[in-house]
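Me: Hi! I have a new structure open and would like a friendly walk through it. Could you help me get started?

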Amino acid sequence: MSGDETYPATVGQLSVWREIERLPADRLWEANLSSVWDLPEGDWSEERIWSALGAAAMRHASMRTVYVLDEDGFPRQRVAAHSVQEVLAQVGQGTADVAEREAKDAAELQRAIDTTAELPWRAWILLDGGTPKQVLVVFNHMAADGVGGLVLREDFETILGGTELPPAPGPIELALDQQGEGSGRLRNAERYWRRTISAAPHRPAGGDAEPLGAVLHTGIPMPLANEAIGKFEVTLASLILAAYYRGIQAATGEDAVLLLLMSSNRFDETHARVVTSLNQWTPLLLRFEPDEPFEEILPKVHWKAFNALKNGVCSPDAMWVIRDEHERLDPPVDPGFSYNPMLAPPGFPSEDRLVAPRIERFEPARATGPGFYLIVRGLTSLDLVFRTRRHGFDDAAMTTMLHTIQDRLAGTIGGERL
């Protein structure tokens, strides 16, 4: 690969690019993700840490890629660094004291990364009494999604420990496949999008409301959740999705609900460990009677979600055309309720115990993105993070939804009701 050669973007990269294009200039930082990595036990020098970070970037081309717009406005990939030294000259930001971590993380997260002019990430070594203890990494979503960030961290730790890793398949190979053998999947996904949005409910447009944020701390430890789910023959993500649907139904009084599921698109070994942005939204329409027993709708939600996620790789331009067509109708298509589960697999260590649930309110920092968003964080215990600026969805509706969701989770997994 020469320094000037460019390649098409993946569907996932183009999807992120289109989202970034819609951000106002002062909100471009919202395309950033940040992570603090604890260093494994050992006596690590700063030089060795920097070297391992650079080697991890040499393994994953997305961390060395900038984007060039072609004459039609499509981003193309260009690998812009070809050695560890070139990488570190751009991304190495120096050191900071571990006591400054929170302030440093918050400040650097809100410093936008221009992926047309610089490598799409930055890193700092955090020191405790002069000794390296952590690494702070901020990367643009064009470089990696959340799972990609975890893969990068694992490879960094492996390299830090002394194991060399060869170059890994990356987004260039993926993009070329999507334009070849994978193109049929894109056409199927476009047809699925069109069918689903055509059947979705339409609501009077109301514009954005004041943002609301809430965290539902369910008090349910992940080992209990993963053990309990076995008797239902569905995934934990599907069970939470069904509870989310029932919560929306109770809060809005509407039976037909358009949901937008975040698909990781990492369903096979070929893509499981590719460091790039593979995430895309895929629509799902649910409609059940309010009195239908929760355990009876569980398998139906599960298989509907399974079918939706099969269509998780879709041309974002086709997707926007379909949405725009229906948003121009009177009344427009409902904007939907977004859902992004991030759940540790069974067996992930957790010493958490079952505790009483509670609700924590917060003021959302992000002003763009989905108008109604649920992020499920299930590492050691199950927490549901909501933010919304949906017109007509006030604090009372949020409370009704949270209580309904907790009731459904407690009744199937275990735990207490609010």
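**Pockets, rings and backbone**

Reply: Happy to! The second largest pocket holds about 260 Å³ of space. This is a predicted model, where local features need pLDDT of at least 70 and side-chain atom pairs count only at pLDDT 80 or more, while totals for chains, interfaces and linings use all residues. Residues are numbered from 1 along each chain as its sequence is written, and side-chain values use heavy atoms, leaving out hydrogens and water.

Me: Which residues lie nearest the centre of the second largest pocket?
Reply: Pro8, Ala9, Leu14, Phe74 and Gln179, out of 15 lining residues. A pocket here is an open set of points on a 1 Å grid over the protein atoms alone where a 1.4 Å probe fits, with protein on both sides within 12 Å along at least five of seven lines; lining residues have an atom within 4 Å of a point.

Me: And which elements supply at least two residues each of that lining?
Reply: Helix H1 (11–21), strand E4 (75–79) and helix H6 (171–178). Helices (H or I, at least four residues) and strands (E, at least two) are DSSP runs, numbered from the N terminus.

Me: OK, new topic. How many aromatic pairs are there?
Reply: The structure has ten. Rings of Phe, Tyr and Trp (its six-membered ring) pair if their centres lie within 6.5 Å; planes under 30 degrees apart count as stacked, over 60 as edge-to-face and the rest as tilted. Tyr244 and Tyr339 make a tilted pair, 5.8 Å centre to centre with 35° between the planes.

Me: What does the Tyr244 and Tyr339 pair tie together?
Reply: Tyr244 is in helix H9 (residues 236–252) and Tyr339 in strand E11 (residues 337–343), so the pair links parts 95 residues apart in sequence. Both tyrosines are buried, meaning under 20% relative accessible area, whereas exposed is over 50% and partly exposed in between (1.4 Å probe, protein chains only).

Me: Why is the pair of Phe372 and Phe393 called edge-to-face?
Reply: Because their planes are at 80°, with the ring centres 4.8 Å apart. Phe372 counts as buried at 1% relative accessibility, and so does Phe393 at 6%. One aromatic cluster takes in Tyr244, Phe337, Tyr339, Phe372, Phe386 and Phe393.

Me: Last topic, the backbone. Which residues does a cis peptide bond join?
Reply: Asp330 and Pro331, with omega about 0°. Pro331 sits in the loop between helix H12 (316–327) and E11.

Me: And is Glu233 buried or exposed?
Reply: Glu233 counts as exposed, at 71% relative accessibility. Its phi is positive, near 55°, and Glu233 lies in the loop between helix H8 (222–228) and H9.

Terms used
Grid points are joined across faces, edges and corners, and a volume is the space filled by probe spheres set on the points.
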